[in-house]
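Here's a quick briefing for anyone opening this structure for the first time.

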Amino acid sequence: MINCTCEVESFCYSFYNLIVEINEAHSEFSKEFASEKQDALINLKRKQVNHVTQVNNGNTFSVDNLFLQLISNYREKLLYYTATDVDFESQYTDLILRTRTKESTSIINKLKYYLVGKNEAGKLPLNKCLNDLFGI
């Protein structure tokens, strides 16, 4: 049996509450985003990297404009949401927290890597490639 100190129990309790709040915030944000973008949404589990990217004859890499716009809108809304609607940093002062979203150029580079730098040649679900758009 492990004996927990008050300090460890406090940390575990804070960490657990943070996870619950992150899940609630994600659910709220996702529902709001989905209701605004109903017509443009795609299933990231079914859609593959090679469905939204390509390398042209001149070895020029490109990303589908509608997909790129959807991801950019998601990022922008997420940045605004985390800046105005959630404040994990001041709520959980016993934890050292920062939030971040993946930069647009990093998203494009990651899509390119999954298309041309991996053996699967883009035949991977987008959710596997873009699983780190937001981090805490």
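Let's start with a charged pair: Glu-103 and Arg-75 meet through their side chains in a salt bridge, at 3.8 Å from N to O. This pair links distant parts of the chain, with Glu-103 in the loop between β3 and α5 (104–117) and Arg-75 in helix α3, 28 residues apart. Keep in mind that you're looking at a predicted model.

**Salt bridges**

- The structure holds 3 salt bridges.
- In the pair we began with, Glu-103 is partly exposed, at 48% relative accessible area, while Arg-75 counts as buried at 10%.
- Another bridge brings the side chains of Asp-132 and Lys-102 together, with 3.2 Å from N to O.
- Asp-132 sits in the loop between α6 (126–129) and β4 (134–135) and Lys-102 in the loop between β3 and α5, so this pair ties together parts that are 30 residues apart in sequence.
- Lys-102 is buried, with a relative accessible area of 16%, because buried here means anything under 20%.
- Asp-132 also meets the side chain of Lys-110 in a salt bridge, at 3.0 Å from N to O.
- That pair again links distant parts of the chain: Lys-110 belongs to helix α5, Asp-132 to the loop between α6 and β4, and 22 residues separate them.
- Lys-110 is buried too, with a relative accessible area of 17%.
- Through shared partners, salt bridges join Lys-102, Lys-110 and Asp-132 into one network.

**Around Thr-101**

- Thr-101 lies in strand β3, which covers residues 100–101.
- Is Thr-101 buried or exposed? Thr-101 is buried, with a relative accessible area of 9%.
- Setting aside neighbours within four places in sequence, Thr-101 is in contact with Arg-75, Leu-78, Leu-79, Leu-133 and Phe-134.

**The largest pocket**

- The largest pocket has a volume of about 580 Å³.
- The elements that give two or more residues to its lining are α1 (6–36) and α3 (65–84).
- Altogether 24 residues line the pocket, and those nearest its centre are His-26, Phe-29, Ser-30, Tyr-74 and Leu-133. Leu-133 is also one of the contacts of Thr-101.
- What kinds of residues make up the lining? They divide into 20 nonpolar, 4 polar and no charged.

**The nonpolar core**

- In soluble globular proteins, nonpolar side chains tend to be buried together.
- The largest nonpolar core here has 28 residues, and the ones with the most contacts inside it are Val-49, Phe-67, Phe-88, Leu-111 and Leu-130.
- At least two residues of this core come from each of α1, α2 (49–52), β2 (61–63), α3, α5 and α6.
- Helix α3 gives the most, with 6 residues.
- Zooming in on Phe-67, and leaving out neighbours within four places in sequence, you'll find contacts with Ile-42, Leu-44, Val-52, Leu-111, Leu-126 and Leu-130.

- Ala-121 has a positive phi of about 55 degrees, although it is not a glycine.
- You'll find Ala-121 in the loop between α5 and α6.
- Ala-121 is partly exposed, with a relative accessible area of 37%.

Key
Residues numbered from 1 in each chain as written. Predicted model: local features only at pLDDT ≥ 70, side-chain atom pairs only at ≥ 80, totals over all residues. Heavy atoms only, no water. 1 Å grid on protein atoms, 1.4 Å probe; cavity = no way out; pocket = protein on both sides within 12 Å on 5 of 7 lines; lining within 4 Å. Points joined across faces, edges and corners; volume = space filled by probe spheres on them. Helix = DSSP H or I, 4+ residues; strand = E, 2+ residues; numbered from the N terminus. Nonpolar A, V, L, I, M, F, W, Y, C, P; charged D, E, K, R; others polar. Buried < 20%, exposed > 50% of the residue type's maximum accessible area, 1.4 Å probe, protein only. Contact = heavy atoms within 4.5 Å. Salt bridge = Lys/Arg side-chain N within 4 Å of Asp/Glu carboxyl O. Core = buried A, V, L, I, M, F, W, Y, C linked by side-chain atoms within 4.5 Å.
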